[in-house]
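Subject: Handing over the structure

Hi,

Here is the structure I promised to pass on. Could you open it and keep it beside you while you read the rest of this email?

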Amino acid sequence: TRRRTAELDRTRRLERVCVVIDFDMFYAAVELRDRPELRQKPVAVGGPGMITTANYVARRWGVRSAMPGFVGQALCRRGPEFGMPKTELIFVPGNWRKYQEVADIARQIFCEYDPGMRSSSLDEACLDLTSYVLRRLRLGTHERARFSADDADEGEARDGGADGGDD
């Protein structure tokens, strides 16, 4: 194992700056943005059959994503058995059109950093920031370094306009 680790360390390449973005409790966060009166209450997006996500308040009772909603509700109602007060889990039905709109806004922002960013779901994205970082070092400000839709079409997004950029 040590030999393999040493071999991997010798061969890994560190010239790229890549990030994975995964919004935690994305659907619940969007709902709480629109219904601030629920922020301090245990909230789950979904229903008695299945929970898509839960806010941090609900997580204190053990409510989790992909949990049957009736189990989450039971955890909240049985709170005193676990050292928590008894409460009701508030179910909010999913609004996928609204989540798509918010995800689209986030993706527009991500494209300022990597026009070739990849997203496999509404709340996750992979970005290669290498070109942006090189541009930012050269140009100084985000306003000057950020990419526009035209940059992606011209191929500048991947080479960052840097001398001898390595892909």
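Below are some notes on how to read the model, then the sheet, the salt bridges and a surface patch.

First, the housekeeping. This is a predicted model, where local features need pLDDT of at least 70, side-chain atom pairs count only at pLDDT 80 or more, and totals for chains, interfaces and linings use all residues. Residues are numbered from 1 along each chain as its sequence is written, and side-chain values use heavy atoms, with hydrogens and water left out.

Let's start with the sheet. Three strands make up an open sheet with mixed pairing, and their order is β3-β2-β4. Two strands count as paired if DSSP finds at least two bridges between them. At the edges sit β3 (51–54) and β4 (90–92), each of which pairs on one side only. On average, neighbouring strands of this sheet are turned by 30° against each other, direction ignored. For that angle, axes are lines fitted to C-alpha atoms (for helices, over the stretch in contact), and angles run from 0 to 180 degrees between N-to-C directions. If you zoom in on β2 (residues 43–46), you'll see that this strand pairs with β4 in the parallel sense over three bridges. One place to look is A44, whose bridge partner in β4 is F91.

Now the charged side chains. How many salt bridges does the structure hold? There are 13, a salt bridge being a side-chain nitrogen of Lys or Arg within 4 Å of a carboxyl oxygen of Asp or Glu.

One of them joins R16 and D128, at 2.7 Å from N to O. R16 is in the loop between α1 (2–11) and β1 (18–22) while D128 is in strand β6, so this pair ties together parts that are 112 residues apart in sequence. Strand β6 covers residues 124–128. Is D128 buried or exposed? D128 is buried, at 12% relative accessibility, whereas R16 is partly exposed, at 26%. The cut-offs for relative accessible area are under 20% for buried, over 50% for exposed and in between for partly exposed (1.4 Å probe, protein chains only).

Another salt bridge brings K98 and E31 together, at 3.1 Å from N to O. Since K98 lies in helix α5 (residues 96–113) and E31 in helix α2 (residues 26–34), the pair ties together parts 67 residues apart in sequence. K98 counts as buried at 16% relative accessibility, and E31 is buried as well, at 5%.

R33 and D34 also meet in a salt bridge, at 2.8 Å from N to O. R33 is partly exposed at 44% relative accessibility, and so is D34 at 35%. A network of salt bridges links E31, R33, D34 and K98.

Finally, have a look at the surface. V17, V133, L134 and L137 form a nonpolar patch there, with about 320 Å² of accessible area together. Patches are made of residues with over 30% relative accessible area and no salt bridge, joining like charges within 9 Å and nonpolar side chains (Val, Leu, Ile, Met, Phe, Trp, Tyr) within 5 Å. The areas come from the Shrake-Rupley method with a 1.4 Å probe, and for residues only the protein chains shown count as cover.

Cheers

Technical notes. Helices (H or I, at least four residues) and strands (E, at least two) are DSSP runs, numbered from the N terminus.
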